[in-house]
Amino acid sequence: MKVVYVDNAATTAMSDVAIDAMTPYLKEVYGNPSSLHTVGQIAKEALDDARARIAKCINCQPKEIYFTSGGSEADNQAIRSAALNGARKGKKHIVTTAFEHHAVLHTLEKLEKEGFEVTYLDVHENGLITAREVEAALRDDTALVTIMFANNEIGTVLPIAEIGEICRKYGVVFHTDAVQAVGHIPVDVTAQNIDMLSLSAHKFHGAKGVGALYVKSGIPLQTFVEGGAQERGKRAGTENLGGIASMAAALEYAVEHMKENSTKIQSLRDKLIDGLLKIPHSKLNGDRCSRLPSNLNMCFEGIEGESLLLLLDAKGICASSGSACTSGSLDPSHVLLALGLPHEVAHGSLRISLCEYNTQEDVEIILNEVPKVVAYLRNISPVWEELENGEKPHLI
Amino acid sequence: MALYSEKVMDHFTNPRNVGKIEDADGVGEVGNAKCGDIMKIYLKIENDIIVDVKFNTFGCGSAIASSSMATELIKGKPISQALELTNKAVAEALDGLPAHKMHCSVLAEEAIRSAIKNYYDTHGIAYDKAQFPDPHED
């Protein structure tokens, strides 16, 4: 059976470019970049080279890039550092949105227990917020604004440059979790007024377990892992050189081919959206225009997302859902609830996230299978029966 | 898929006794769409024997599999035996459920009891009310 992998927001397959860039560091270039001898210094040069190339891709200085174990670590370190820097000046207020990634939300929840105050901006029905809303939430004691570049579930792209401009104007540090954006849409930390940014290699065909944090020079970064001078003393531990090399190669390739890839991916996505919206009582979640080229997130009324995913998996289609049952909790996704969707609708969600490896054939398979699976599940659903009998009103 | 046993996947992808019984003698519905699971069970009863049973379920894979297995376990059985069916028996018959999915088997047990209670109520059959404590959400 052909596997149709459309869960690229979860992770991507490594590209040949990334694998080829990585393998020398698993074989011949095995040195520790901290060693003084030749073998170590060759590794050090490779590390510096990767740092410079990644910096160029997001338009910052190499010394502003800190390698991490991934996006979550970068988010944790950025937020905790900015919070601590703020607290030292008596600033203990943070502004964010209600639909951030849990790496951000859980860090903020911990900070709240430690005495910080957090404003969670409401997200509009279309999955967006405005820079003006951020401005209105700022206070004299605001230490940090942390707002994601693009949402991981519904793919909406937030007005980052405008938010950055506001933060610059008021002198507030601005961090963005750009894990879903980097390598997919233009990211330029200088033009977009970004002070701190998190990125992760495996979202753009690099290796898993490696990411980076950009920190604008002049902003003090707190040390997270103690025990060595790596990453200018801010993150001890021998560097994951193979992973870092894969990240540099994959990101360069992604940036170089962004235009052609996003045109192709977006056209596949639009066919899927138009095709799936033909299913009665279905809905696209999140703004259609201000959206990642790769993402579609739909709700189908009267069915539950996990059973939809499992039946699609049986047909070879690998997708994702924000249903409660896929998260291990009883509540559906906090992102879908933040859009104001009722619980019973949010349970029936499907996220499809594409990449340039997907084809027209994949789209046809999805458009053929999803309506059948939805119809089957609706046919055995007492909720759908009530909706169709008019005992309950359709919500979408 | 490692999350579920082969039995769960079998009952989920090929559920037994799916559908409705138009002239059912007892109908029971439990669960809540907000929480993501609703089960509806239809019973056809002759001489205290469950001669036919059908279900409709809105829910995850284990909810559908639990409904399917539970209906298999009571089909052709006397009501007294159906009332003895426990959620544990349903889960065991499915070769186990993940811990956070056990509430699906609880719903199956409750749906059957609710359908039997409905049969008693609609047919004027006296019963011990203590047999039917209020279903609770897990």
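This report walks through a predicted model, starting with chain B and moving on to chain A.

## Ground rules

Since this is a predicted model, local features need pLDDT of at least 70 and side-chain atom pairs count only at pLDDT 80 or more, while totals for chains, interfaces and linings use all residues. Residues are numbered from 1 along each chain as its sequence is written, chains are lettered from A and ligands numbered from 1 in the order in which they are written, and side-chain values use heavy atoms, with hydrogens and water left out.

## Chain B as a whole

Chain B has five helices and three strands; here helices (H or I, at least four residues) and strands (E, at least two) are DSSP runs, numbered from the N terminus. Read from the N terminus, the order is α-β-β-β-α-α-α-α. The radius of gyration is 14 Å, close to the 14 Å that the globule rule gives for 138 residues, so chain B is as compact as a globular protein of that length. That radius is taken over C-alpha atoms, and the rule is 2.2 Å times the number of residues to the power 0.38.

Along the principal axes, the C-alpha atoms of chain B fill a box of roughly 45 × 25 × 25 Å. Of the 138 residues in chain B, 54% are buried (buried is under 20% relative accessible area, exposed over 50%, partly exposed in between, with a 1.4 Å probe and protein chains only). Take the contacts (heavy atoms within 4.5 Å) in chain B between residues at least 6 apart in sequence: 60% of them join residues at least 24 apart.

## The chain B sheet

The three strands of chain B make an open sheet, ordered 1-2-3 with antiparallel pairing; two strands pair if DSSP finds at least two bridges between them. Strand 1 (26–32) and strand 3 (49–58) of chain B sit at the edges, each pairing on one side only. Strand 2 (residues 37–46) of chain B is joined to strand 3 by nine bridges. Across that antiparallel pair, B:Ile38 stands opposite B:Phe58.

## The chain A sheet

Chain A has an open sheet of seven strands in the order 2-8-7-6-5-3-4, and the pairing is mixed. At its edges are strand 2 and strand 4 (117–121) of chain A. Strand 2 runs antiparallel to strand 8 of chain A, with four bridges between them. A:Ile65 has A:Tyr214 in strand 8 as its bridge partner.

## Helix 2 of chain A

Helix 2 (residues 38–58) of chain A has 21 residues and should span 30 Å at 1.5 Å a residue; its end C-alpha atoms are 31 Å apart, which agrees. The expected span is 1.5 Å times one less than the number of residues.

## A look at A:Tyr5

A:Tyr5 belongs to strand 1 (residues 4–5) of chain A. Its relative accessibility is 30%, so A:Tyr5 counts as partly exposed. Setting aside neighbours within four places in sequence, A:Tyr5 touches A:Thr11, A:Cys318 and A:Asn358. A:Leu337 is 332 residues away from A:Tyr5 in sequence and 26 Å away in space, C-alpha to C-alpha.
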